[in-house]
Amino acid sequence: MACFLAPVAEAIVVSVIKKNVQNKELAALTADAAESVVAEESSSIPTSRKLGWLSKMLWGGSFLLAIEHIWHGEVIPWPPFLTAMYNAADVQPMLMEIITVGGAMMAVITAAWLLMVAAANHIEKRAARLASEQEG
């Protein structure tokens, strides 16, 4: 019915957080410290980029689910947009689907993203360790 709305809500929140983190990262690059910071960050992935991965995963999954719901006639282009909203008896099951199915989708997407970030961090640490061993 409308399970894609839960990941959409998370995607909106993550997108706002990503933009704020990105602004803070850019503010940290002052003219005096730009060279040293760029040299340090060239081997590490910025937090804003990692949040971008999550944002893209959430938006992409939500978009595909929205298309599927449109295809099956559960979402329509005129108010109230959700066919479950026409009948008051259908609102309760719709809300439960958003909470249960949408919440599960949010959890799975976020867990997959956490695994991606952990793998990226592991690869970065291994590369830094190999680089320091080659220098010394």
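Tutor: Residues are numbered from 1 along each chain as its sequence is written, and side-chain values use heavy atoms, with hydrogens and water left out. In this predicted model, local features need pLDDT of at least 70 and side-chain atom pairs count only at pLDDT 80 or more, whereas totals for chains, interfaces and linings use all residues.

Student: Which pattern does the protein follow, read along the sequence?

Tutor: Helices (H or I, at least four residues) and strands (E, at least two) are DSSP runs, numbered from the N terminus. The protein has four helices and zero strands. Read along the sequence, the pattern is α-α-α-α.

Student: What percentage of the residues of the protein count as buried?

Tutor: Buried means under 20% relative accessible area, exposed over 50%, and partly exposed in between, with a 1.4 Å probe and protein chains only. Of the 136 residues of the protein, the buried share is 25%.

Student: Which residues does Phe4 touch, not counting residues up to four places away in sequence?

Tutor: Contact means heavy atoms within 4.5 Å. Phe4 is a member of the largest nonpolar core. With residues up to four places away in sequence not counted, Phe4 touches Ser62, Leu65, Ala66, His69, Val75 and Met105.

Student: Is Cys3 buried or exposed?

Tutor: Cys3 is placed in the segment before H1. Leaving aside neighbours within four places in sequence, its contacts are His69, Glu97, Ile98, Val101, Gly102 and Met105. Because its relative accessibility is 4%, Cys3 counts as buried.

Student: How many Å does H3 reach from its first C-alpha to its last?

Tutor: The expected span of a helix is 1.5 Å times one less than its number of residues. H3 has 25 residues, and its reach is close to the expected 36 Å. From first C-alpha to last, H3 reaches 36 Å.

Student: Is His72 buried or exposed?

Tutor: His72 is found in the loop between helix H3 (47-71) and H4. His72 and Met1 are 71 residues apart in sequence and 9.4 Å apart in space, C-alpha to C-alpha. Because its relative accessible area is 51%, His72 is exposed.

Student: Which side chain of opposite charge is nearest to Glu124, and how many Å away is it?

Tutor: Lys and Arg count as positive and Asp and Glu as negative, while His and the chain ends are not counted. Glu124 lies in helix H4, and a polar atom of its side chain lies 2.6 Å from the backbone nitrogen of Ile45. Glu124 is buried yet has no salt bridge, which requires a side-chain nitrogen of Lys or Arg within 4 Å of a carboxyl oxygen of Asp or Glu. The nearest side chain of opposite charge is Lys50, at 4.2 Å.

Terms used: Core = buried A, V, L, I, M, F, W, Y, C linked by side-chain atoms within 4.5 Å. Polar contact = N/O pair within 3.5 Å; in protein donor to acceptor, adjacent residues only side chain to side chain.
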